[in-house]
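Please read them beside the coordinates.

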Amino acid sequence: MQSWGLNTYLYGPKDDLKHRLLWREVYSHEEEGQLRILIKEAQSRGVTFVYALSPGQDIVFSSSCDLTLLKRKLRQVSDLGCQAFAVLFDDIDHSLCQADSEAFSSFAHAQVTITNEIYRFLGEPPVFLFCPTEYCGSLCSPSVSKSPYLQTVGEDLLPDITVIWTGTKVISRKLSVDCLSEVESVLQRPPLIWDNLHANDYDSRRLFLGPFKGREPQLRSNLRGLLLNPNCEFEANYIPLHSLGSWYRSGKEERKDEECEYCPDRALSAALHDWMEELNQPLQAGRQSSRADQRSSAQTPRCKTPDRSDCPPTLVDRLPVFPLNSSSPPSSPTKVKVETEGEKKRSNQPQGPRPGAPSGGGRGQKAQGWGLGGGKGLLSESQVRLLVGLYYLPHEYGLSGQKLLQDLSWLKANCHLVSANSKKTAPQKIDEWRGRSSRVLSLCEDIAQLHCSVVGGANRAVLYDLYPYVWDLRNTALVAKAFICWLDGRVLSDSSALGTWKNCFHCEGRVWGGADASPNRPYHSKDKLELYRMVRQLHLRTQGVQESSALHPDVIGDRCLGPCLVLSPEYCFILEDELGVCGCVLGILDVRMFAKRCQASWMPAMRDKYPTKGGNTHPNPQDLIQLMEEDQGEYPESLLFHFPSQLRLDALPELVDVSVSRTLLTAMLTALKANGSQGVFCEVQPTDRQRLEFLTKLGFLEILRGEARSREGVVLGRLL
């Protein structure tokens with residue numbers, strides 16, 4: 001059995017995806033120089049540099065020309081000082097071309113033949129890894145022990161070549177001695193585990209900060225080694241790597257006492273304790289901290305974007321604002337010039353921040369949960385533990401995440417206890433419901449404070465890597481709070497004054513810095529004037545015409561927004577910055593009932609407001625009334641059967657922070673569902689590409705085109 005230590009491996013350029021087709025090309029002189037420096041730097045720090053190549057996508061295994069080109073490239077890297085290599089055949093098609101089918105008995109035979117040839121050509125290097133196409137139990141056919149592919153690999157692959165294995169699944173929750181013994185038997189050698197436990201490259205909205213878990217230290221005797229595939233974000237890997245070290249040390253035979261046995265929770269606490277020392281260090285993105293500089297004479301930049309490594313005095317770190325056609329926050333804050341009060345104007349340039357966006361030195365700091373600190377905030381260990389609990393591991397949440405989900409599920413399942421229609425609920429049951437809701441609201445407030453501490457902290461490297469995830473947590477917490485407040489006495493209550501979002505967001509205002517500081521809030525009657533002005537501006541811009549004095553100032557607003565603002569105000573939300581209203585989201589719970597109410601009350605009011613004779617300010621009132629009636633016409637019954645609710649989004653596209661819009665729409669969809677809706681639709685003009693893309697990314701699909709009320713509109717729908 002081969003022994004192994006806790007070595008650190010640095011994987012070099014892996015020819016993957018588009019690079020799979022470039023394996024035939026050799027490196028230029030400039031690229032050679034960069035690789036040589038990287039290899040030497042790794043060696044000086046005790047890191048084994050492994051050059052990985054993936055030729056399986058288009059190689060002709062029986063082609064001597066392809067084999068020669070492959071050897072040429074690997075020899076070039078070997079001459080640069082590389083002494084460790086990997087040949088990877090993962091995630092490729094099993095089929096062979098005609099020439100290969102005649103030359104080899106099987107797909108595995110072709111791979112093994114080429115790998116053995118390369119291994120001998122390179123002088124049998126001490127580290128040489130082979131990743132099979134069947135690299136986990138779930139990919140083996142018919143099973144691990146009976147797989148002809150693995151049997152060929154085990155029998156024909158040279159014994160000193162190490163085979164990579166990920167476990168029972170691509171991302172294995174647990175690794176057991178029995179499963180590893182099975183694969184060791186068929187491969188005729190202990191595997192090397194490529195552990196994807198903390199890998200997040202398959203989901204851009206997830207991060208895994210939890211400890212190394214589900215792998216008993218006793219596994220070491222069944223392994224040739226273990227590689228941890230980390231999070232894509234460098235700063236997110238402290239706990240995974242720290243706890244991996246604890247796992248390795250606890251597996252040493254000479255340490256048998258109970259306190260030295262590996263415990264994930266204990267390893268997490270130890271890692272958190274050590275990480276806290278770095279989290280509050282003034283570390284800039286792309287720079288080593290002063291403490292790290294003292295440990296090493298060579299300064300190694302780790303910035304993904306070199307232009308961010310130095311920050312001129314005239315620039316500050318400012319959180320980004322996202323245009324409507326963006327699907328998610330960028331991976332890091334951007335650099336923008338500091339604005340004076342006179343420069344704070346609306347701009348349609350996507351790189352410029354919108355007034356009202358949180359910033360490092362701007363006026364967004366007044367909001368407790370939305371603004372930025374001045375770089376002096378300190379993250380507490382309890383805040384970091386909260387973050388870890390919410391971004392824990394692929395198959396489970398940490399303690400804080402579990403409690404949050406349990407409480408939310410219970411509150412939703414038992415919302416009838418506090419429903420406006422419930423009159424005989426025992427007081428103790430109501431107290432239990434409100435006690436749990438208070439716990440959820442308190443946790444949401446903690447998330448808001450966590451957001452502030454990360455954004456306002458001194459460690460900008462952590463901010464750059466973790467910001468998108470903390471931002472997403474903050475918005476999710478806002479939706480959760482809004483939903484819980486809605487449930488508290490508001491479900492199925494259309495007539496009660498409590499059954500509006502106003503009281504719901506009254507609570508939100510206190511937590512997130514006050515209603516005036518929040519970029520979104522419920523509609524108030526005083527907003528009507530600004531909303532009408534905004535929608536009129538959008539209409540004139542779309543039509544490319546100047547505003548006419550002959551046109552009544554309320555015409556566009558009455559047609560586009562009026563019915564919802566009057567008849568369905570509890571489903572109206574406002575997007576607002578410091579310059580005023582910049583958008584709105586309107587919802588209708590039951591389109592059929594809404595249409596009847598419009599015909600009964602709204603249209604008569606419009607006929608009175610825009611009379612056909614004498615004193616009217618509209619040049620053609622009859623046409624206006626006809627357009628309004630068409631707007632309130634009927635949608636196909638086939639549409640309303642599955643999508644009984646409707647929403648409308650209006651916003652100044654160059655101003656809207658897409659994450660705020662997404663938060664509002666999510667809260668709207670949750671409220672519609674809570675009140676019995678099974679689906680919602682939205683009508684968009686086919687030329688409005690930004691809105692079509694935005695809604696599509698929120699799960700809306702096109703269901704009608706050109707059939708909505710005899711207009712050239714596209715109807716997008718989403719089931720709830």
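1. Helix α11 (residues 399–413) packs against helix α12 (residues 427–456) at an angle of about 140°, and their axes are 10 Å apart; axes are lines fitted to C-alpha atoms, for helices over the stretch in contact, and angles run from 0 to 180 degrees between N-to-C directions. The two helices are therefore oblique to each other, the class left once angles under 35 degrees (roughly parallel), over 145 (roughly antiparallel) and 65 to 115 (roughly perpendicular) are set aside. Helices here are DSSP runs (H or I, at least four residues), as are strands (E, at least two), numbered from the N terminus.

2. The contact (heavy atoms within 4.5 Å) includes Leu 404, Trp 410 and Leu 411 of α11 and Trp 433, Arg 436 and Val 440 of α12.

3. As to provenance, this is a predicted model, in which local features need pLDDT of at least 70 and side-chain atom pairs count only at pLDDT 80 or more, while totals for chains, interfaces and linings use all residues. Residues are numbered from 1 along each chain as its sequence is written, and side-chain values use heavy atoms, with hydrogens and water left out.

4. Two backbone positions deserve a look: phi is positive at Asp 91, near 55°, and at Gln 188, near 60°. Asp 91 is in the loop between β3 (84–88) and α3 (98–103), and Gln 188 in the loop between α6 (177–187) and β6 (192–195).

5. Ser 141 and Pro 142 are joined by a cis peptide bond, with omega about 0°, and Pro 142 sits in the loop between β4 (127–131) and α5 (148–156).
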